[in-house]
Amino acid sequence: MRKKLNKNVPVLRFPEFEGDWEISNVGSACEVKNNLRKPISLPERELMQGSYPYYGPTGIIDYLNEYGLDGKFALIGEDGDHFLKYKSWSQTQLAEGRFNANNHVHIISGTDKCLVEWFFAYFRHRNIIDFLTRQGAARYKLNKASLFSLRIALPSMAEQEKIASFLGAVDTRLNQLRRKRELLQTYKRGVMQKLFSQQIRFTQPDGSHFPNWERKQLGDVLNLVVREVNKPSENYLSIGIRSHMKGTFQKPGSDPSKIEMDKLYVVHDNDLIVNITFAWEGAIAIASEDDHGGLVSHRFPTYVIQKGKSSPHFFEHLIKQEKIKYILSLISPGGAGRNRVLDKKDFFKTTCFKVLRFLHCACWYKSWINSVLSDNNLLAS
């Protein structure tokens, strides 16, 4: 929440609350439990195996018992505590159950002034921590002094609870949607594999079968298109391709003085683009409408899919098959680091599936995919 000038009052607020927020610091408002930590050696830790997670800067590194070994280690984390790992503010969470932690983790507990859920929500939704984590030299580290000096706004406990509960509910919903998205993506990958192996076949609207698939070389379906232009004199939109079949990306405002080439090439939407240097890594994509008019170098040949023989919508999914990535790797010889140049002649000879009456089938397939990914009932369930 943002504050108005000269007032400790948020712009957006639940209507039942009023009055200024108190400005304090973490050292005064919260309980930091670092002094409860006692060192243990690795051999001692191996004797303390148990069921309670032991956290380090990268996550759970072990499981220890509840009470430690002969007083060598104290249990410092309780259910509901907040723990903060040094390396990254994104590595911060509310504890669920008891836990142990090493000296790369801060443990913060709530007080009668600061609800621990409020602390978690307040700092997690603000970009305060980037500067503080860079106070170390070679390694990022949020030290105790920096943590204690962090300023924190404190409304009443009732308002803290209201805001923390609301943001917690939003986070829960977001996590649910992310999980549903992951499940849908897994489902889609499995179905796509069966579709391209023809274990699953669609039927036409009248219930009849589509014609059998044929194998065609890419050269039978694609045309190489060269739209050469002089290097622009002003900043331009540059188009790149992500590896692992993850699509295109844009670099608007690219500086032409930083490239040595005198000629560039224009991209149109629905072009098939290949990065010949990293094709072996899956750098192949279909250009989107937003890519139209962007420029690429000679290392990004563009191909037009012949009308009536295939469809960009189908190719968009076809090129994401692991088999295609494997073939691109085979026809990209060389061993100079990660630079292995695609043989464009062999690329044209690569075989792919082609369906008679292809456009109709491809549009049918696209409609089905979109209906799965945008099914509001499924996301709401």
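**Rings and burial in a predicted model**

Modeller: The mean pLDDT of the protein is 78, and 76% of its residues reach 70 or more; pLDDT is the predictor's confidence in each residue, from 0 to 100. This is a predicted model, where local features need pLDDT of at least 70, side-chain atom pairs count only at pLDDT 80 or more, and totals for chains, interfaces and linings use all residues. Residues are numbered from 1 along each chain as its sequence is written, and side-chain values use heavy atoms, with hydrogens and water left out.

Biologist: Okay, why is the pair of Trp21 and Trp118 called edge-to-face?

Modeller: Rings of Phe, Tyr and Trp (its six-membered ring) pair if their centres lie within 6.5 Å; planes under 30 degrees apart are stacked, over 60 edge-to-face, the rest tilted. Here the centres are 5.5 Å apart and the planes at 80 degrees, so Trp21 and Trp118 are edge-to-face.

Biologist: Why is Tyr303 called buried?

Modeller: Buried means under 20% relative accessible area, exposed over 50%, partly exposed in between (1.4 Å probe, protein chains only). Tyr303 has 2%, so it counts as buried.

Biologist: Then what does Phe348 count as?

Modeller: Phe348 has 27% relative accessibility, so it's partly exposed.

Biologist: What makes Lys162 sit over the ring of Phe14?

Modeller: The rule wants NZ of Lys or CZ of Arg within 6 Å of the ring centre and within 35 degrees of the ring normal. Lys162 lies over the face of Phe14, at 5.2 Å from the ring centre.
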